[in-house]
Amino acid sequence: MSTSAIDLLKSGTVPLYLAPQAGVSESPFRRLCRSYGADVVVSEFVSAEGIRRHDRRTHSYLRFHDDERPIGIQIFGAEPEAMAQAARLVEEVYEPDFLDINFGCPVKKVVNRNGGSGCLRDLDLVRDIIRAVKAAISIPTTVKIRSGFTEQTRNPVEIALRCQDAGAEVLTLHARTRTQMYSGTANWDEIAAVKQALDIPVIGNGDVFTGEAAARMREHTRCDGIMIARGSHGAPWLFAQARAALEGRPVPADPEAAERFRIVIEHARLAIAWEADEEKAMIEFRKHLGWYTKGLPNGRYLRQELFEVRRLDEAERLLEGYLAQVEQGAAA
């Protein structure tokens, strides 16, 4: 986080963050979200071991455009020295604005290696990782946590205080436990309690799917910033809606199908330019096509066809055909 981004968190303007999300928060999507009002973006979470071993695919996740700034790179791992080495390399080669440590990922293959939220089972390890990373780099060290590993060990205030004491400069809380995964509801009371307990800025995360929800989270928790994750899927305009709600302005409606499809194509073109292999990019982009068309009349049938595309022009033809059918139906 650049100095200006830290100042933003302390300014009372409540910056909006695009959450780190594997397979979602790639550079093209980060750029699109920035254009719709995301104040800060964070990379997909990246393995410290892959970074240290110079794995080509791992390093591809670390690339970003300057117009994405302020941007943080998020890393995960379970060994303090390895995390420190990876953080040092990230700073030297990629020069992000801040380095974020992932203590929140609930995915089994990560947790089984004691990474992500798996670290929450050992708060001494959490402390040691933060200290090692902070000592290795000059850019700010931030952390993202969950409320605990299980319901029995749920204690976000204790975890957050340990992170602050170890040197974390900003803390994000996804107010669910690891065992909840993404089920149930996020406990915003816990975000409020962490905000009250900590001296460093606190970012709230969990269940922000509308602009109005962002304003409710801020009112409920007094958090310094708001991180949006699943709510952004197929809806980069959510950041503009959230900003309007936070400022007390009328919240813009979701775009109509024609405008939504224009955004889809813009996103796809960014993805193709980034990947430099149209077929590979479009196959990976299918998930976004599914999200963008969710909720549209007869969208299920459209998605079945979109999930087969391999070229951008194929997607364009399907979207144009859908719009034509909608117009015919409206005229009937």
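In what order do the eight strands close into a barrel, and is the pairing parallel or antiparallel? I traced the order as S1-S2-S3-S4-S5-S6-S7-S8, and the pairing is parallel. For helices I took DSSP runs of H or I with at least four residues, and for strands runs of E with at least two, numbered from the N terminus; two strands pair if DSSP finds at least two bridges between them. From one strand to the next the twist averages 30°, where axes are lines fitted to C-alpha atoms (for helices over the stretch in contact) and angles run from 0 to 180 degrees between N-to-C directions.

I note that this is a predicted model, in which local features need pLDDT of at least 70 and side-chain atom pairs count only at pLDDT 80 or more, while totals for chains, interfaces and linings use all residues. Residues are numbered from 1 along each chain as its sequence is written, and side-chain values use heavy atoms, with hydrogens and water left out.

Entry on one strand pair. I looked up S3 (residues 71-76) and S4 (residues 98-103), which run parallel and are joined by four bridges. Within this pair, Gly72 has Phe98 of S4 as its bridge partner.

Entry on helices over the strands. I found H9 (residues 188-197) lying across S5 (141-148), S6 (170-177) and S7 (202-205), at about 150° to S6. I also found H11 (residues 238-246) lying across S1 (16-18) and S8 (225-228), running at about 160° to S1. Contact here means heavy atoms within 4.5 Å.

Entry on helix pairs. Two packed helices are described by the angle between their axes and the distance between the axes. I read angles under 35 degrees as roughly parallel, over 145 as roughly antiparallel, 65 to 115 as roughly perpendicular, and the rest as oblique. A crossing is left-handed if the near helix is turned anticlockwise from the far one by less than a right angle, and right-handed if clockwise.

H9 and H10 (residues 211-221) pack at an angle of about 50° with their axes 8 Å apart, and therefore H9 is oblique to H10. The crossing of H9 past H10 is right-handed. On the H9 side I listed Trp188, Asp189, Ile191, Ala192 and Lys195, which meet Ala213, Arg216, Met217, His220 and Thr221 in H10. By class, this contact of H9 with H10 has five nonpolar, two polar and three charged residues, with Ala, Val, Leu, Ile, Met, Phe, Trp, Tyr, Cys and Pro counted as nonpolar, Asp, Glu, Lys and Arg as charged, and the others, Gly among them, as polar.

For H7 (residues 123-136) and H8 (residues 156-166), the axes come within 8 Å and cross at roughly 30°, so H7 is roughly parallel to H8. This crossing of H7 and H8 is right-handed. Leu123, Asp124, Val126, Arg127, Ile130, Arg131 and Lys134 of H7 meet Glu158, Ile159, Arg162, Cys163 and Ala166 of H8. I sorted the contact of H7 with H8 into six nonpolar, no polar and six charged residues.

The axes of H2 and H12 come within 8 Å as well, crossing at roughly 140°, which means that H2 is oblique to H12.

Entry on charges. How many salt bridges does the count come to? I get 26 salt bridges, each being a side-chain nitrogen of Lys or Arg within 4 Å of a carboxyl oxygen of Asp or Glu. In one, Arg31 pairs with Asp67, the closest N and O atoms being 3.3 Å apart. This pair links distant parts of the chain, 36 residues apart, with Arg31 in H2 (residues 27-35) and Asp67 in the loop between H4 (56-60) and S3.

Entry on backbone exceptions. Most residues other than glycine have a negative phi, and most peptide bonds are trans. The bond from Arg69 to Pro70 is cis, with omega near 0°, and Pro70 lies in the loop between H4 and S3. Ala276, although not a glycine, has a positive phi of about 65°; I located Ala276 in the loop between H12 (257-275) and H13 (278-292).
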